[in-house]
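I opened my notebook to record how two chains sit together. The entries below follow the order in which I looked things up.

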Number of protein chains: 2
Amino acid sequence: VAEARPALGEFELIRRFFDRRSDSAARRTDVLLGIGDDAALLAVPPQMQLVAAVDNLVEGRHFPAGTDPRSIGHRALAVNLSDMAAMGAVPAWATLALTLPAVQESWLESFAAGFMQLAAEHDVALVGGNTTRGALNVCVQIMGLVPHGSALRREGGRAGDLLVVTGTLGDAAAGLAQRLNPRPGGADLDALLRRFDYPQPRVQFGIAARGIASAAMDLSDGLSGDLPKLAAASGLSARVEVSALPLSAALRASQSKAQARALALSGGEDYELLLCVAPARYTQLQRAAAQLNLTLTHIGELRAGSGVEWLEAGAPIAAPAPGYDHFG
Amino acid sequence: VAEARPALGEFELIRRFFDRRSDSAARRTDVLLGIGDDAALLAVPPQMQLVAAVDNLVEGRHFPAGTDPRSIGHRALAVNLSDMAAMGAVPAWATLALTLPAVQESWLESFAAGFMQLAAEHDVALVGGNTTRGALNVCVQIMGLVPHGSALRREGGRAGDLLVVTGTLGDAAAGLAQRLNPRPGGADLDALLRRFDYPQPRVQFGIAARGIASAAMDLSDGLSGDLPKLAAASGLSARVEVSALPLSAALRASQSKAQARALALSGGEDYELLLCVAPARYTQLQRAAAQLNLTLTHIGELRAGSGVEWLEAGAPIAAPAPGYDHFG
């Protein structure tokens, strides 16, 4: 288990590939002590609550072997940023525990570039890190801030609320299918692949939705897997009109109608937001989305009861396959 | 990559084995929202700073295959609590990303028992979790609190400070050696094995040392690997009298004198604290340790310059092998 130290130690590794790029850590005055001590020391403003989440990516589970390390670095942070988005939180700090089969400088260089570029876009400082040798596993915890009492929770949905989703659904799952079983295709399939490789967490919209939406969650496991959790947390039933699901032009052009719908219903990894909003406030939420050039689509409602009812043109249909589960 | 959901999904897994045991999460009024939403929501008192660290345990690197899962659960949290101890922070909340080759309920039961018992002892609430299938990898992030400006930092050491360590050194490395190459032995070897399997982070002493010690770090990689980091962070050199290193009766009884000393110098995983303290304050620090039934041993000094000088009975000796590095 124990081995002597190599020329390039754990500490140096982290420093070389992450610390020097951590412009956000240097810029954020709330990072009192970053990477290099036993722990980071962080200042939380008195009017803010702390929001914390963890998510990890495992090779062969969350991405195929041989995936571009830049995408792995991006996604490892993106899936955590998406949790901040779902709470309406402003992401602030992240820690990274990176387990790698071997030290490959080019791999680390590319991974760090993907991670740190997204971090810089969201002004997130990497404040703690740890590297270990082993099967590829990327564990990120994110910490964010939200004003007292304003976090979006899954349990906030009310009967009569509209169910709305950001962006389009099913693209990432179609992209992953293309990665696993490539077929000839042009710009459409490339666009879907990018949706899988470089998901864009809806952080700004989550923040904008505070005080307007009554509940929110992010769609990581697919609508059919995630919506029942939101409905259950709110103690309500949900009704979804599947013909209303937003499908991208790329998805429609590259898949049969049935495939596109199945991907939109059950495909995971889109990292769009699912929100509940009172009908009277929907216009306000749409305006917030429009300001961010984000489409918002009304797909159903919350009602008294439990479970999810799936409709097509108003008529009940069989429940779609449940969404992706990481312990499947 | 994506698979359909099994009978016992990710969410249920976490709930069953961790949430129901999380007495601390129920007791802590600062956990506004625990496991079950996209992220946890936590209240940080206005006079406190946030302290955050991450560490993971990988099978075959940090523990041998076949290790009792109760020990793995304990150690995964203990190594993070030790980082809080080194900062003088009060641990508060933890997240856990658990990657497992298969869902074995008995394994999870035992792992959770080890993790949650130590969490309860330190009043730490598990506020976020994630499970994935893959090579065994336990990633824990811990968050703690420290009053403004009172954290112990590695960089705080001053020329003339005494170097002191808590407890005894080398026991965990001897225990690991016994695990890997068992030899007949009685209570002594069992005691050393327990030091490896169930390290006791010095959290209470780290808190007590605030305002007395000038700097601190925890000994995870062995004194010979860790002390140079502390000296460098403080911009000073360190001088250590190796005959002063505290050796347990079990270590002395079960090893040759040379072996015992080598383990105390270079063995890792003890999770004792290394502190710097002005000579005038050493008595006060000893009193704090005595109140916790913890021994404290003066092993050297900080001086102007750089690097570490190792002495035996006052005469320079060759530098010991560097400590354990997780990327060795």
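Entry: I began with strand 2 (residues 40–42) of chain A, which pairs with strand 3 (residues 48–58) of chain B in the antiparallel sense, over 3 bridges. Two strands count as paired if DSSP finds at least two bridges between them. Helices (H or I, at least four residues) and strands (E, at least two) are DSSP runs, numbered from the N terminus. In this pairing I found Ala40(A) opposite Ala52(B) in strand 3 of chain B.

**Entry: ground rules.** I noted that this is a predicted model, in which local features need pLDDT of at least 70 and side-chain atom pairs count only at pLDDT 80 or more, while totals for chains, interfaces and linings use all residues. Residues are numbered from 1 along each chain as its sequence is written, chains are lettered from A and ligands numbered from 1 in the order in which they are written, and side-chain values use heavy atoms, with hydrogens and water left out.

**Entry: the interface.** How many residues of chain A are in contact with chain B? I read 76 residues of chain A in contact with 76 residues of chain B, where contact means heavy atoms within 4.5 Å. 100% of the interface residues of chain A are also interface residues in chain B, so the copies meet through the same surface. The two chains bury about 6500 Å² between them, 58% of it on carbon and sulfur atoms. Buried area is the accessible area (1.4 Å probe) that two parts lose on being put together, summed over both.

I then looked up 4 salt bridges across the interface; the rule asks for a side-chain nitrogen of Lys or Arg within 4 Å of a carboxyl oxygen of Asp or Glu. One salt bridge joins the side chains of Arg154(A) and Asp38(B), at 3.2 Å from N to O. On the side of chain A that touches chain B, strand 3 (residues 48–58) of chain A gives the most, with 9 residues.

**Entry: symmetry.** I laid chain A on chain B: a turn of 180° and a shift of 0.0 Å along the axis give an RMSD of 0.0 Å. The two copies are thus related as by a two-fold rotation axis. Superposition is by least squares on the C-alpha atoms of residues with pLDDT of at least 70 in both. Which residue of chain A comes closest to the rotation axis? I found Pro46(A), with its C-alpha at 2.4 Å.

**Entry: the sheets.** Within chain A, strand 7 (residues 162–166) and strand 10 (residues 272–277) pair in the antiparallel sense over 4 bridges, and Val164(A) stands opposite Leu275(A) in strand 10.

In chain B, strand 8 and strand 10 (residues 272–277) pair in the antiparallel sense over 5 bridges. There I noted Asp218(B) opposite Leu273(B) in strand 10 of chain B.
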